[in-house]
Amino acid sequence: MPPVILVAPAAFKGTLGPRQVAEAIAAGVRRAAPGATVLECPVADGGNGLLDVVLPAGALRERLPVTGPIGETVSAEMGWIDSETAIIESASACGLALVEPEDRDPMRTTTRGVGELIWTAADRGARTIVVGLGGTATADGGTGAARGCGWTFENAAGQPLPEGGGSLIDLASFRSGWGIGARVVALADVATPLLGPDGAAPVFGPQKGARPEEIPQLAAGLARLAELWAQAGRPELGMMPMGGAAGGLGAGLAFFAKAELTGGADWVLERAGFDAALAKADLVITAEGIFDKTSLVGKAPGEVVRRAQVAKKKVAVVAGRVEGLIGVHTIGGDGGSGGRMLDATALARMAEQVAREALRL
């Protein structure tokens, strides 16, 4: 019988969306095994490519002006799964890609645009709002998003607190905003808590542009925020798994919007019917720009690998760079590219090679 090959890649940030990656890999697989049945199931985990994967063909997608990460207006995207379910990617409102490398500064970047999107969705009648948390330039504990929904934050003198994570150390009080008449589901791509040595500030601060001497201040500010949450009846938020996602936006939405935090990869794979496709597959191929040990902790390609291994299926990884994987067929591009320079032609060529190797063609 001809083999069944399941292609389940994530986006390659900055170059190709998950559906484009899936199409390129499928083309290469068909060259290696012309008689194979190829099932395409692009995946995401709350970060880049979430709307592309989740929204059905013809679904409404709109661009909306919101406050960007450094205070300027940006055009963010909101999609509608159906008439009562909106979906947004936080990165489209406050993502790293919206800030030039030299301007990245989580001491002052804000998630306000995420709150503005949530409020707009609720105002337009959404009963459920799905928020992908990956890829932000922020470490403000979701206080910016709260501001976008009418919350206010003051220091001990009663003065408004500046936006960003750097000012949270001076936070003395906050006041409630407008009620969001919708269920909020926040999709995390990491299990990181808000606080502690493996918390949001030390883990994500550097990649968001924080200097070494700023990490303790960011951590202290998030701890102060968690202290006030505890006083308000939510003592668990400081160490809750996934609370540190997006620089604390996960925990912030749990408090300010009563959000439910869940693993984005699990949510997307269930919605995409991944397990049913996996049951039929002889080989599973996943992909992302850089596949390393962090991919195995919450990222969609890592969850694809884990489920394939549990099901005792052959599994292969195509990536711009692969680090430290054992027991999985892998093929990486130019290590110096970081996965960002691979185009569809290169992906198809790599997929053809890895399919031949995995199927011993």
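Modeller: Buried means under 20% relative accessible area, exposed over 50%, and partly exposed in between (1.4 Å probe, protein chains only). This is a predicted model, in which local features need pLDDT of at least 70 and side-chain atom pairs pLDDT 80 or more, while totals for chains, interfaces and linings use all residues. Residues are numbered from 1 along each chain as its sequence is written, and side-chain values use heavy atoms, without hydrogens and water.

Biologist: How many salt bridges are there?

Modeller: The count is 20, taking a side-chain nitrogen of Lys or Arg within 4 Å of a carboxyl oxygen of Asp or Glu. In one of them, glutamate 77 meets arginine 61 at 2.8 Å, N to O.

Biologist: Is arginine 61 buried or partly exposed?

Modeller: Arginine 61 is partly exposed, at 36% relative accessibility, whereas glutamate 77 is buried, at 16%.

Biologist: Which residue does arginine 307 pair with?

Modeller: Arginine 307 forms a salt bridge with aspartate 275, their closest N and O atoms lying 3.1 Å apart. Arginine 307 counts as buried because its relative accessibility is 14%; aspartate 275, at 44%, is partly exposed. Shared partners join Asp266, Asp275, Glu303, Arg306 and Arg307 into one network of salt bridges.
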